[in-house]
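Thanks for coming, everyone. Have the sequence and the model open, and we will go through them together.

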Amino acid sequence: MATPPNLEEGQSTTRPPRFNRNYYEWGETRMHDYIITKNSKLWDVICDGPFVLLKTVGEGTRTVPQTTKENNNADWKFNEKNFEAKKILVCGIGPDKYNHVSTCESAKKIWEVLQTAHEGTTLVNQSKIDMLTTEYELFKFKVDESIQEMHSHFTSIINDLHSLREITQTNKLVRKILSVLPGSCESKVNAITEAKDM
């Protein structure tokens, strides 16, 4: 993932961060952290959906959702979490994306629409994973780059895979880095390998 620009808007701890179409993973992480610090129950509403209040009808044989007129004060407390989460998410998107989510009744649905719009469908995600995995497997140290540049490029690939929920074990990442280092670092690679019993 490329480093996002220094955006003035959304750089506040009191306002929700704004989603940026070019840096969705960055915005997604910032929104998650913002919501968790505001109220962790809001994140539960986004992940699990709003709590649906049910009532028993007939002779206790079936349940149906309550109407809003049947809600009491305690019931409204449950619904308020969904409205609060919706408000935060809508404040985090621009007018160009609002049309995509304007008909969504729950914060969960808004989050799903944003994810699909930015991350793509499962098929698109798998294609991205395959491409990044190939890039990871073919990763080599370039003659004209420094160790720091090489590590930055490698970390970018790993972070992109991680954002697609594709996680590689740390010991494999370390082995990969050690295997691509230039010959001038061979003695250091051997020392690290022997010291860490890899």
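Start with Ser106. In this predicted model, Ser106 touches Pro50, Asn82 and Lys86, where a contact means heavy atoms within 4.5 Å. Residues up to four places away in sequence are not counted there. Ser106 sits in the loop between α4 (95-101) and α5 (107-119). Helices here are DSSP runs of H or I with at least four residues, strands are runs of E with at least two, and both are numbered from the N terminus. Is Ser106 buried or exposed? Ser106 counts as buried, because its relative accessibility is 14%. The cut-offs are these: buried is under 20% relative accessible area, exposed is over 50%, and partly exposed is in between, with a 1.4 Å probe and protein chains only.

A word on the ground rules. Residues are numbered from 1 along each chain as its sequence is written, and side-chain values use heavy atoms, with hydrogens and water left out. As the model is predicted, local features need pLDDT of at least 70 and side-chain atom pairs count only at pLDDT 80 or more, while totals for chains, interfaces and linings use all residues.

Now the whole chain. It holds nine helices and two strands. Along the sequence, the pattern reads α-α-β-β-α-α-α-α-α-α-α. The chain has 198 residues, and 33% of them are buried. Take the contacts with a separation of 6 or more: 49% of those join residues 24 or more positions apart.

Next, helix α1, residues 24-38. How does its span compare with what 15 residues should give? At 1.5 Å a residue, the helix should span 21 Å, and its end C-alpha atoms are 21 Å apart, so the two agree. The expected span is 1.5 Å times one less than the number of residues. The buried residues in α1 include Tyr24, Trp26, Tyr34 and Ile35. Glu28 and Arg30 of α1 are buried too.

On to charges. How many salt bridges does a search of the whole structure find? The search finds one, a salt bridge being a side-chain nitrogen of Lys or Arg within 4 Å of a carboxyl oxygen of Asp or Glu. Lys108 pairs with Glu112, and the closest N and O atoms are 3.3 Å apart. Both residues lie in helix α5. They are four residues apart, about one turn of the helix. Lys108 is partly exposed, because its relative accessible area is 26%. Glu112 has 33%, so Glu112 is also partly exposed.

Now helix α7, residues 147-163. It has 17 residues and reaches 24 Å from first C-alpha to last, close to the 24 Å expected. Its buried residues are Met150, Phe154, Ile157, Ile158, Asp160, Leu161 and Ser163. Just after α7, Arg165 takes a positive phi of about 65°.

What does α7 pack against? Helix α8, residues 170-180, packs with α7 at an angle of about 145°, and the axes are 12 Å apart. Those axes are lines fitted to C-alpha atoms over the stretch in contact, and angles run from 0 to 180 degrees between N-to-C directions. From α7, the contact uses Met150, His151, Phe154 and Ile158. From α8, it uses Leu173, Lys176, Ile177 and Val180. By class, that makes six nonpolar, one polar and one charged residues.

Look at Phe154 in that contact. Why is Phe154 called buried? Phe154 is buried because its relative accessible area is 4%. Beyond four places in sequence, Phe154 touches Tyr136, Phe139, Leu173, Lys176 and Ile177. Phe154 and Lys176 are 22 residues apart along the chain, and their C-alpha atoms are separated by 9.6 Å.

Thr168 lies in the loop between α7 and α8. Thr168 counts as partly exposed, because its relative accessibility is 27%. Thr168 touches Tyr136 and Leu173, again leaving out residues up to four places away.

Last one: Arg175, in helix α8. Arg175 is partly exposed, because its relative accessible area is 41%. From Arg175 to Thr193 is 18 residues in sequence and 8.7 Å in space, C-alpha to C-alpha.

Methods
Ala, Val, Leu, Ile, Met, Phe, Trp, Tyr, Cys and Pro count as nonpolar, Asp, Glu, Lys and Arg as charged, and the others, Gly among them, as polar.
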